[in-house]
Amino acid sequence: MADATNVYQPNAQRPAIPKPPLLPRQKSGARLAGIIGFLLLSLGFWMFSVPLAVLAMMAVLSLVFQSVGRSSGNSDWYRQIAVFVDRLHPELWMIPLVIAVLVGMVLMAVALFVSARILRSHGIVKPWPVTWAAAGIAIVASWIASGVLSVPFQLTGIGFDNDSSQTLPLGVALGVIAFLVSIASTAVIGWLSWWWMAHVMRPAADIQDVGPAT
């Protein structure tokens, strides 16, 4: 009969090492990186996506226009439209649009580097993982917030559709308010997203500070 004292007994599992809360300096860095980083990222994305969409639309319209021109046999109405388009000088619009797309790409890259630098300088251990994860969460949250915030502005303008004397002032006022609310919501979303990821990815306490398993 085997000696009970010689029977293998697995060591007791060490309890999970707790994660200490973020230090005030780290919270401040997450807040600063979130606000500055996501504002720059949003501006860069807007400068990148809007001109790119315009360029794509111009390319599609150009193809459609050429196809219609070949099928119509250069009729009078087609020549009139062609003259109107030539007066707009679309080739001159392409250069600033392309420049805006490039500037937007640079701004998005700068936003990520600025975020990582701020996080690192404030003691965040994983600045790049925090930046990437927070940026993804903030982008999704901003889409949802934009859809929700657009509803009250649309409802506000319904009662003034038939009153031309109030349409322009109301439109200007709503535009300014929507712009300010958009900036504020972007800053808040960036702050909360960066703080959340910095909190989730904070390192565990030093194992030396944890007592032996009992």
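The structure holds one cavity of 30 Å³ or more, where a cavity is a set of points on a 1 Å grid over the protein atoms alone at which a 1.4 Å probe fits but cannot get out. The model is predicted: local features need pLDDT of at least 70, side-chain atom pairs count only at pLDDT 80 or more, and totals for chains, interfaces and linings use all residues. Residues are numbered from 1 along each chain as its sequence is written, and side-chain values use heavy atoms, with hydrogens and water left out.

The largest cavity contains about 40 Å³ of space, a volume being the space filled by probe spheres set on grid points that are joined across faces, edges and corners. Its lining, made up of residues with an atom within 4 Å of a point, consists of Leu22, Gln26, Gly123, Ile124, Val125, Lys126, Ala198, Met201, Arg202 and Pro203. Six of these residues are nonpolar, two polar and two charged; Ala, Val, Leu, Ile, Met, Phe, Trp, Tyr, Cys and Pro count as nonpolar, Asp, Glu, Lys and Arg as charged, and the others, Gly among them, as polar.

The chain has five helices and zero strands, both taken as DSSP runs numbered from the N terminus (helices H or I, at least four residues; strands E, at least two). Of its 214 residues, 24% are buried, that is, under 20% relative accessible area with a 1.4 Å probe and protein chains only. Among contacts (heavy atoms within 4.5 Å) between residues at least 6 apart in sequence, 82% join residues at least 24 apart.

The largest pocket, an open set of points with protein on both sides within 12 Å along at least five of seven lines, holds about 690 Å³ of space. It is lined by 24 residues, of which Ser42, Trp46, Ser146, Ser182 and Thr186 are the closest to its centre. Helices H1 (24-72), H4 (127-158) and H5 (164-200) are the elements that give two or more residues to this lining. By class, 17 lining residues are nonpolar, seven are polar and none is charged.

Beyond its neighbours within four places in sequence, Trp194 is in contact with residues including Phe38, Ser115, Leu119 and Val130.

Helix H3 has 32 residues and spans 47 Å from its first C-alpha to its last, close to the 46 Å expected at 1.5 Å times one less than the number of residues. Its buried residues include Leu97, Ala100, Val101, Gly104, Leu107 and Met108. Ala100 lies in this helix (residues 90-121) and counts as buried because its relative accessibility is 16%. Residues up to four places away in sequence aside, Ala100 touches Met47, Phe48 and Pro51. Pro51 is 49 residues from Ala100 in sequence, with 6.6 Å between their C-alpha atoms. Just after H3, Gly123 takes a positive phi of about 90°.

Ser142 is located in helix H4 and is buried, with a relative accessible area of 17%. Neighbours within four places in sequence aside, Ser142 is in contact with Phe38 and Ile189.

Definitions and conventions. Buried < 20%, exposed > 50% of the residue type's maximum accessible area, 1.4 Å probe, protein only.
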